[in-house]
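Try each one before you read its solution.

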Amino acid sequence: MGGDSHDSYPPELSPEEADFLLTSLKDWSIAHGLAVRPAPSFVQPNQDPAGVLAATAPVTLFPSLFPRKCFEEGLSIQTAYNELYSAIARDEDWLKGIVEELIDIDDFVGKLWQTHLAVKKEGYVQDLSLGLFRSDYMVHTDQASPSSSSGLKQVEFNTIASSFGGLSSQVSRLHNYLLSIDAYPASAISTIKAEALRQSNSTSSLAQGLAAAHKAYGSSRTGRALCVLFVVQDPERNVFDQRHLEYALFEENGVRAFRLPFEQTLLHTKLDTDRTLLYTPPNSPSTSYEVTTIYFRAGYSPEDYPETKEWDARLHLEKSRAIKCPSVLTHLAGCKKVQQVLATPHSPHLKRFLPNDDVASKVLATFAPIYPLDDSEAGKEAKKLAQDVNSASRYVLKPQREGGGNNVYRKAIPPFLEKLPHKHWPAYILMEMIEPPPLTNAILRNGELQRGGVIGELGVYGVCLWRNETEGKDAGQILENWEAGYLLRTKGDQSEEGGVAAGFGAVDSCCLV
Ligand code: ADP
Ligand code: MG
Ligand code: MG
């Protein structure tokens, strides 16, 4: 990280400086949709029965320092990561090998796999898949854990419901605005030069990805108007993040999108004879639309499937002719187990998917050590590390889940495993903690200002549209592949989790040093 000149960044603010900065930040945030629905702890439902209130999204007051080299590296390898995960999603046999280890001990993964098999039996009618991915990283400093080299290390790769692309564009604009109106004290300006701030174009870029799928779907088969369907959770506090994408899809690409709560899927959609997906908006029952693309912002967590009807809904959507973002196989490719298998030292897996050695070695350099908890040699070794309080304190234990709040950290691992039946251990992976350099910043969350040590997590978005076909001249063709902007999330260094929606972090932008 940068030299001595940044040691006092960000500077302490006088009460007047803090007041001006906060007022500017709060007003800009609401005026530009850098917002979330208020937390239930913040506004009781009876205080907002009409659901009209919004609150500023948790943000950092200052853009956090981030090493320029690591930032550029993360952005530059995104297309390779897109290629890697699209190739995995296309390789059913390989994925089957991974999933088979999990199905008996992880019901959720098992049901996803069953969904795929059920569609396969009838035959997939849509050959294209869309990924709106996000690869997450932290900068590792090797003083703490010398077994892993320092630099940019991947936390995880998200293949479903990668969030905050909408708010990320806004927070980088906010920080740039605060700089341009002199809301930052003079002592910070030497660090926050306009050139050091990075604008994230994730909103437009992800919307363009949806538009590309929409277009690739082709013309209507039913003579109806075409649309994109956002399948969402309800209620959704992070709705504006999603709305930014929807509005960019409409305003910049002319593509109409609708929001459909996942649990209402079977009420408002149906399959035509050739499995064309039709959506009937509840406000206009006499008009139905033909769905080109399903964008899942729900369905990634077991809580989204309280009853069998939600599994029926997922199957119904997967069966359809609409392009899925993501398909069930792409969703499964995002399992932490896949990441662990790829990171196995000297394994042939990476080369299988990324034949170009240069490209593969750049991706490999971002892997942190990850181990299975199975009966392999590496697994036995990892089980020992995980059961000992001293060694366990360098690790995080992860199940095959998304959305934050699922991991077990450091010293909590041995007692957790003690209670877990041995049979279930292989459903988890053991990952070395990435130890980022110490930084400070101030976070405004739920109206409270917290200043102190923070940890930053860089997410890089990627758009990829590909063919799943395995034979013929177009087999495995990648139609679109681009890096789609970035997200910086910053959390207090006392919290192990970093999820903004899960209640731990704030959205941030990069000040490159
Ligand atoms: P999820 O899919 O639920 O977001 P993650 O793998 O991203 O799961 O873990 C959640 C959070 O835990 C991350 O955002 C990060 O703050 C922290 N975390 C996960 N893995 C590591 C790691 N290896 N080193 C440090 N922190 C980690
Ligand atoms: Mg995730
Ligand atoms: Mg994560």
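**Exercise 1.** Leaving aside its neighbours within four places in sequence, which residues is Asn-158 in contact with?

*Solution.* Keep in mind that you're looking at a predicted model. Start by finding Asn-158 in strand E6. Next, skip the neighbours within four places in sequence; the contacts are then Phe-133, Arg-134, Asp-136, Gly-334 and Glu-402.

**Exercise 2.** Work out where the "binding site" positions lie relative to one another.

*Solution.* First, look up the record: an unreviewed UniProt entry puts this feature at Glu-156, Asn-158 and Glu-402. They stretch over 247 residues of sequence, but no two of their C-alpha atoms are more than 10.0 Å apart, so they gather at one spot.

**Exercise 3.** Is Asn-158 buried or exposed, and how does Glu-156 come out?

*Solution.* Count C-beta atoms within 10 Å; a residue is buried at 20 or more others, and exposed at 12 or fewer. Asn-158 has 23, so it's buried. Glu-156, also placed in strand E6, has 18, so Glu-156 is partly exposed. Beyond four places in sequence, Glu-156 is in contact with Asp-136, Lys-336 and Gln-339.

**Exercise 4.** Now do the burial count for Gly-485 and find some of its contacts.

*Solution.* Go to strand E19, residues 478-492, where Gly-485 sits. With 26 other C-beta atoms within 10 Å, Gly-485 is buried. Once you leave aside neighbours within four places in sequence, its contacts include Gly-165, Ser-200 and Tyr-461.

Terms used:
Residues are numbered from 1 along each chain as its sequence is written. Chains are lettered from A and ligands numbered from 1 in the order in which they are written. This is a predicted model: local features need pLDDT of at least 70, side-chain atom pairs count only at pLDDT 80 or more; totals for chains, interfaces and linings use all residues. UniProt positions are given in the numbering used here, feature names are shortened, and annotations may be inferred rather than shown by experiment. Helices (H or I, at least four residues) and strands (E, at least two) are DSSP runs, numbered from the N terminus. Two residues are in contact if their C-beta atoms, placed from the backbone, lie within 7 Å.
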